[in-house]
Amino acid sequence: MRRTLIISGLSLAIIALLVFAGIKIFTPQPASETTTLPSISTTSTPTPAATSEAAQETAPSSKDKAALHAATVMSTWNPAKDFNRTASELRARDLMTQSRAKKVLAPVRPATGEQWLTAAAANATSAPTTRLNRATEKDIISVTVTWVWKTDTGKILDLPAEQRTYYFQLTDNNPHKISDYSYE
């Protein structure tokens, strides 16, 4: 009886080791090449003069635009190349103050989950849509991001929509840098 327990325990340990090795072998590793990120045009098109104070308040400020750009970069992933979701935050470090950029640390374990693995298998990239949230604290800019997964041929994968809300604190000087952020 004791011998059977020992053999069963060793068998389970060997199976766990094989599963872990399989995950390490078949999980996409971080690419050494840079990923092309969406760009936001700095060229502005003339807009008609605002006719009311309310219309002026809804026009995005330079801080708003910086937060929208950061949210776009931080929610653009290519699971076939990105080891985990923190890869996008690592790419966004140039949008942060030096002290905040140093705090971005990638976890050791790879990303998992049905959507991530399905997107990786299809070589899909997230295609984010950003929206400012106006009802936040004065010094915090909140941006809600939703995304779909698109292949390089433009096909949208049939996966449930995902959403993330970022909360940014930005420096006052232009170009604005992220001094702190969080998301949920």
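**A look inside the chain**

Modeller: To start with, buried residues make up 31% of the 184 residues in the protein chain. Keep in mind that this is a predicted model.

Colleague: Okay, how many helices and strands does the protein chain have?

Modeller: Six helices and four strands. Along the sequence the pattern reads α-α-α-α-α-α-β-β-β-β.

Colleague: Let's pick helix 6. Which of its residues are buried?

Modeller: In helix 6, residues 114-121, the buried ones are Gln115, Trp116, Ala119 and Ala120. They cover an arc of only 130° around the axis, so they sit on the same side of helix 6.

Colleague: And which residues are exposed on the other side of helix 6?

Modeller: Glu114 and Ala121.

Colleague: What covers the buried residues of helix 6?

Modeller: The cover includes strand 2 (141-150) and strand 3 (162-170).

Colleague: New topic: in the largest nonpolar core, which residues touch the most other members?

Modeller: That core has 28 residues, and Met74, Met96, Val143, Trp149, Phe168 and Ile178 touch the most other members. Two or more residues each come from helix 3 (62-74), helix 6, strand 2, strand 3 and strand 4 (178-183).

Colleague: Which element gives the most to this core?

Modeller: Helix 3, with six residues.

Colleague: What is Met74 in contact with, leaving aside its neighbours within four places in sequence?

Modeller: Its contacts include Ala92, Met96, Phe168, Ile178 and Tyr181. Arg164 and Glu89 are also among the partners of Met74.

Technical notes:
Residues are numbered from 1 along each chain as its sequence is written. This is a predicted model: local features need pLDDT of at least 70, side-chain atom pairs count only at pLDDT 80 or more; totals for chains, interfaces and linings use all residues. Side-chain values use heavy atoms; hydrogens and water are left out. Buried means under 20% relative accessible area, exposed over 50%, partly exposed in between (1.4 Å probe, protein chains only). The arc is that of the directions from the helix axis to the C-beta atoms. Contact means heavy atoms within 4.5 Å. A nonpolar core is a set of buried Ala, Val, Leu, Ile, Met, Phe, Trp, Tyr and Cys residues joined through side-chain atoms within 4.5 Å.
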